[in-house]
Amino acid sequence: MQARKKYVLLGLCACCWLVLFYWGGGVQLRLLRLLTRHRGDVMRPWPNWTDRAFLPRYAHLDELQTDPGMAESPRQRRQAWSAIYKDSRCRMETCFDFSRCRRRGREGFRVYIYPSEKNDRVSESYRKILTSIAESRYYTSDPREACLFVLGIDTLDRDQLSGQFVPNVDERIRGYPLWNDGRNHLIFNLYSGTWPNYTEDLGFNIGQAILAKASLNTEHFRPGFDVSIPLFSKDHPQKGGERGWLVRNTVPPRRKYLLMFKGKRYLTGIGSDTRNALHHIHNGKDIVSLTTCRHGKDWEKHKDARCDHDNLEYERFDYQELLHNSTFCLVPRGRRLGSFRFLESLQAACIPVLLSNGWELPFSDVIQWNQAVIEGDERLLLQVPSTVRAVGNERVLALRQRTQMLWEAYFSSVDKIVLTTLEIIKDRVFSHISRNKYMWNYLPGGLLVLPEYSTHLAHFPFYYLGLGVTPGQEFTAVIHAVSPLVSQSQPIMKLLQVVSKSKYCSQIIILWNNEKPPPSRSKWPPMPVPLTVTDGRRKTTSRFLPHVAIETEAVLSLDEDTVLLTSEVNFAFLVWRSFPERIVGYPPRSHFWDPLKRAWGYTSKWTNDYSIVLTGAAFYHRYYHYLFTHYLPQSLRTLVDRTSNCEDILMNFLVSAVTHQPPIKVAQRKQYKELPSPQGTKSVPWANPEHFNQRQECVNSFANWFGYMPLVHSQFRLDPVLFKDQVSVLRKKYKDLERA
């Protein structure tokens, strides 16, 4: 009975407590609302994560919230975008005229640049873009041949407060007879919108034009139509560009600092919320996150309590030193979604950690960015340190290596950025012969993989190792003949016999490059392999044409006066099968930098160091014939044809640019010096003093076009087993190599 009374009493107390809580709480809440209403505050029914009471050691409320007057709802943003871009639903199928490109077949992809008007202001960056197009193999000066049109008006900076802003673009382009509402036009842009919202407004209607734009928002990006490009500075090199930094610091995979950022802190406006909070992850040890308020003309008007301390801490660290010694680099958004930090991090092999919600990454159509960057969320900044700490060493090294591949393939120069943009559009136009994702994301990159040659990975030498493909067991010999056939004792006759005896030789092609017509087949000796004589007169570069008759992967390029043994040919071919992406041959040469002339030099001195293997006796893959003819500009091939010189140097430049590796020299029975010809015989090219000077000039001309020196020095030579060892010659496989 006593127990029942206790339970009843406890129940009554609980009921009374609940009634008091709800009734009293409601009164308190109403009283609190009355009090706060007089202060002009809005009362929240429950505190959220931005309340100061819940973040005593983290961000202040004004740091994490954007100015309410500047915030836009998703609907407002969509309406603004629709007003600016009326053709936001454009796709290649609906807004592009394919017939302009396909009427000339594969050669139909031509790009026309509108001529600039007399008083047009063109920025340095836009001048570089136009130069890249004008020097590309796709340029045409005839608009009737064009598939794609590029404005001569500078559209890169569309910020109305900028000195580079060009007014009245809408009126001008509507007056172009070829404008056609932007159809088949390509518009480049780096900066759009202006203070305070920095929208994607270009200030003119692009119509149905393709937009190649930096800081593109995924909401506004038209997939398969627009091209997202990186933000680059006016100092970005026109050609070549610096190599990535990974070669200087490869091991260990992790560096001194785990994570770093050094840059501006915006005190107000768009982009300020993320950068204002970056100081919370700074620990001064393995995470260095530094911001400064000291930028702009009136920064002191907006400075807060943290500015002076941040500015002092900012000066303590050198930015380049941090880049060199950090594993991960924060890339937060600026006023716009893109940032210069992105390309800087890629070059430095500092894995970018992106904090830019909604950014359509550069060339996202073709690049698999999850293999090179970490994509974070601006709203989850405090989770970034633990996220990057959890990345294992193997993954770190893989990410860093991929940053270098992407940097060197697509971003190290304005040339590469522009050509990548054009190649992406070309792949859309000719989708049946386009590159796949593997070609874009693995060395040597999409720019050096021409899908017109093949769309099958196993047909390219640089993919053999990754695919586990073994090169074919036969080669085609291509002999460059320049002398008239007057005697059966000429060097070319002996060379034919030597090469045809090789068990790996499939066929021989004689490239006849003499003013007289080629001799009939009966003038040539009988051989165990097919012999084809092709007319290649008046063109030195014809020896590197992609001849249809070449059916094997391996090509043995020979000069008519080359002296070799069959065993030498066999050994060199077996070496090439282990290195099918490189040039493998005999006569070496080298380049060097002359500090007095401030130019590149060329030498034929016999040393252990070389960077060129002459194609007068060398193996390489037949794909390089196609690349030589269709990738290199007409200007370089014309230079070679005009001088009848340097084609071998140009081929070495090309192959080293593809592989980033030197050629391979193999053992040779006898060394041959470049000596003057005996009196009464036709002079050989190297007997002319001008020949050597021309080669010096060629090296510099080629380096200038590539934008850097692709040739790589090496001291590596491959000899047969037991070569020159003090053992019986009978025990050696290639006996003749050591006989005089």
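Author: The axes of helix H14 (residues 393-411) and helix H15 (residues 414-429) cross at roughly 80° and come within 7 Å. Here axes are lines fitted to C-alpha atoms, for helices over the stretch in contact, with angles from 0 to 180 degrees between N-to-C directions. Helices (H or I, at least four residues) and strands (E, at least two) are DSSP runs, numbered from the N terminus. This is a predicted model, where local features need pLDDT of at least 70, side-chain atom pairs count only at pLDDT 80 or more, and totals for chains, interfaces and linings use all residues. Residues are numbered from 1 along each chain as its sequence is written, and side-chain values use heavy atoms, with hydrogens and water left out.

Reader: Are H14 and H15 roughly parallel or roughly perpendicular to each other?
Author: Angles under 35 degrees count as roughly parallel, over 145 as roughly antiparallel, 65 to 115 as roughly perpendicular and the rest as oblique. The crossing angle is roughly 80°. H14 and H15 are therefore roughly perpendicular.

Reader: Which residues of H15 make the contact?
Author: Contact means heavy atoms within 4.5 Å. From H14 come Glu-408, Ala-409, Tyr-410 and Phe-411, and from H15 come Lys-416, Ile-417 and Thr-420.

Reader: How many nonpolar residues does the contact of H14 with H15 have?
Author: Ala, Val, Leu, Ile, Met, Phe, Trp, Tyr, Cys and Pro count as nonpolar, Asp, Glu, Lys and Arg as charged, and the others, Gly among them, as polar. The contact of H14 with H15 has 2 charged, 1 polar and 4 nonpolar residues.

Reader: How many disulfides does the count come to?
Author: A disulfide is a pair of cysteine sulfur atoms within 2.5 Å. Counting bonded cysteines along the chain, the pattern is 1-2, 3-4, 5-6, 7-8, 9-10. By this rule the count is 5.

Reader: Is the disulfide of Cys-90 and Cys-95 left-handed or right-handed?
Author: The sulfur atoms of Cys-90 and Cys-95 are 2.0 Å apart. The torsion about their S-S bond is about -80°, so the disulfide is left-handed.

Reader: How many residues apart are Cys-293 and Cys-307?
Author: Cys-293 and Cys-307 form a disulfide with sulfur atoms 2.1 Å apart. The pair links distant parts of the chain, with Cys-293 in the loop between strand S7 (287-292) and helix H9 (299-302) and Cys-307 in helix H10 (residues 307-315), 14 residues apart.

Reader: Is the link of Cys-329 and Cys-350 left-handed or right-handed?
Author: A disulfide joins Cys-329 to Cys-350, with an S to S distance of 2.0 Å. Both Cys-329 and Cys-350 are buried. With 105° about the S-S bond, their link is right-handed.

Reader: Over which residues does pLDDT stay under 50, with 34 contacts beyond four places in sequence?
Author: pLDDT is the predictor's confidence in each residue, from 0 to 100, and its mean over the chain is 86. Where pLDDT is low, the predicted coordinates should not be read in detail. The stretch with 34 such contacts in the model and pLDDT under 50 is residues 24-71.

Technical notes. Buried < 20%, exposed > 50% of the residue type's maximum accessible area, 1.4 Å probe, protein only.
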